[in-house]
Amino acid sequence: MIRVGILGSGFIADCYADSLLDVREAVLAGNTSRDAEKARAFAERWNSPLWTTDPAELCADPSIDLVVIALPNEAHLEAVRIAAAAGKAIVCTKPLARTGAEAAEILRIVEEAGVWHGYAESSVFSPNIEQAHRMAAAGGIGDLLTMRAREAHSGPHAAHFWDAETAGGGALLDMGCHTVESARHFFGKDNRVVEAFAWGATLRHGDKTTGEDTAVALLKFERGQLAIIEASWAEQGGMQLRHEFSGSAGRLVTDTSVSPVWGFITKPVGYLVEKADVDTGWVHPVPEETRAYGFSQQMRHFVQRFAAGETPIETFEDGWTVNCILDACYRSMRSGTWEKVLVAR
């Protein structure tokens, strides 16, 4: 049995704790929060036997095998440093870091410590994306030519996201990291993204952030394919999670936000879906969100690969590469031109 400790007690920590319920080889063994009351409440909610406000204390506990970092972007580097020093295997939520340079330092730390690591990019594990990937890999749409992906909602749920200077960026960093990795997953990780062009602006939330709440990026691959990435914090009506793949002999479309349940309700009925915005009128709840979005499948993959001593399909090297691609996008936003993707350490 793999005993998992979660650093954090917010929304994404809840998602990871929920996903562990689907992993028979693992159990939640501990959790942290800077706020003692939040740490205690999280432990009670998810039946965690150990809680603390000190990440080093949790990581040093001999009962913990695998540490999951579910913290704001600016806390990832120090959390990795603490967990690696304790010799723990580490899973870190997306994005791995705020910049390529910071991600490179995170990667250096785990490599020098010799610890197992996994990059928690849920998008590539979601059932519909994985089904499309199997079909594309089997040649169902011929040679893959282009991908267009959109991830959007009306804005983050926590205040730390809005502080672009501390978080490292806005909607593109927060949400574009998902679809950048989707593109790498489909076009092949040996097929480098060599150039990026991006536009970003603060269209709706200028009272809350100096970061972009809307962005579009074009990624050019070494073998000529193109990915179009859209990320938005300015779209109301709940989550939008859509991918379109065009090939020489067909096309594939996935839409995680399309629900088998919808209706018109006049009284609130409780939680419906992340970033729902409204709780009456036409509603589109997504059943079993942690499974629909790939959290459960992701956690099962990480635990099984760690238990077997095998490398997962998403590692900190992937997270570092994504950060480098996003760096090029942000440079393009400033320059107004195509920018080379620099991934050398």
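Tutor: Begin with a cut-off: a residue is called buried when its relative accessible area is under 20%, exposed when it is over 50%, and partly exposed in between. Keep in mind that this is a predicted model.

Student: Is E314 buried or exposed by that rule?

Tutor: E314 has a relative accessibility of 0%, so it counts as buried. I229 is also buried, because its relative accessible area is 0%. W262 has 55%, so it counts as exposed.

Student: Where do I229 and W262 lie in the chain?

Tutor: I229 sits in strand β10, residues 226-232. W262 belongs to the loop between β12 (250-255) and β13 (263-265). Together with F264 and W282, W262 makes up a nonpolar surface patch with about 450 Å² of accessible area.

Student: How should I read a salt bridge?

Tutor: Side chains of opposite charge can pair when their charged atoms come close. By the rule used here, the count is 26 salt bridges.

Student: Which residue forms a salt bridge with K189?

Tutor: The partner of K189 is E314, with 3.0 Å between the closest N and O atoms. K189 lies in the loop between α8 and β8 (193-201), and E314 in the loop between α10 (295-307) and α11 (316-335), so the pair ties together parts 125 residues apart in sequence. K189 has a relative accessible area of 32%, so it is partly exposed.

Student: What about R148 and E230?

Tutor: R148 and E230 form a salt bridge too, with their closest N and O atoms 2.6 Å apart. R148 is in strand β7 (residues 144-152) and E230 in strand β10, so this pair links distant parts of the chain, 82 residues apart. R148 is partly exposed at 43%, whereas E230 is buried at 10%.

Student: How do I read empty space inside a model?

Tutor: Rolling a probe the size of a water molecule over the atoms shows where empty space is left. This structure has 1 cavity of 30 Å³ or more, and the largest cavity holds about 50 Å³ of space.

Student: Which residues line the largest cavity?

Tutor: Its lining includes N73, F161, W233, K94 and D174. By class, the lining has 5 nonpolar, 3 polar and 2 charged residues. K94 and D174 are both buried, and their side chains meet in a salt bridge at 2.8 Å, N to O. K94 is in the loop between β5 (89-93) and α5 (100-113) and D174 in helix α8 (residues 171-187), so the pair ties together parts 80 residues apart in sequence.

Key:
Residues are numbered from 1 along each chain as its sequence is written. This is a predicted model: local features need pLDDT of at least 70, side-chain atom pairs count only at pLDDT 80 or more; totals for chains, interfaces and linings use all residues. Side-chain values use heavy atoms; hydrogens and water are left out. On a 1 Å grid over the protein atoms alone, a cavity is a set of points where a 1.4 Å probe fits but cannot get out, and a pocket is an open set with protein on both sides within 12 Å along at least five of seven lines; lining residues have an atom within 4 Å of a point. Grid points are joined across faces, edges and corners, and a volume is the space filled by probe spheres set on the points. Ala, Val, Leu, Ile, Met, Phe, Trp, Tyr, Cys and Pro count as nonpolar, Asp, Glu, Lys and Arg as charged, and the others, Gly among them, as polar. Patches are made of residues with over 30% relative accessible area and no salt bridge: like charges are joined within 9 Å, nonpolar side chains (Val, Leu, Ile, Met, Phe, Trp, Tyr) within 5 Å. Accessible areas come from the Shrake-Rupley method with a 1.4 Å probe; for residues, only the protein chains shown count as cover. A salt bridge is a side-chain nitrogen of Lys or Arg within 4 Å of a carboxyl oxygen of Asp or Glu. Helices (H or I, at least four residues) and strands (E, at least two) are DSSP runs, numbered from the N terminus. Buried means under 20% relative accessible area, exposed over 50%, partly exposed in between (1.4 Å probe, protein chains only).
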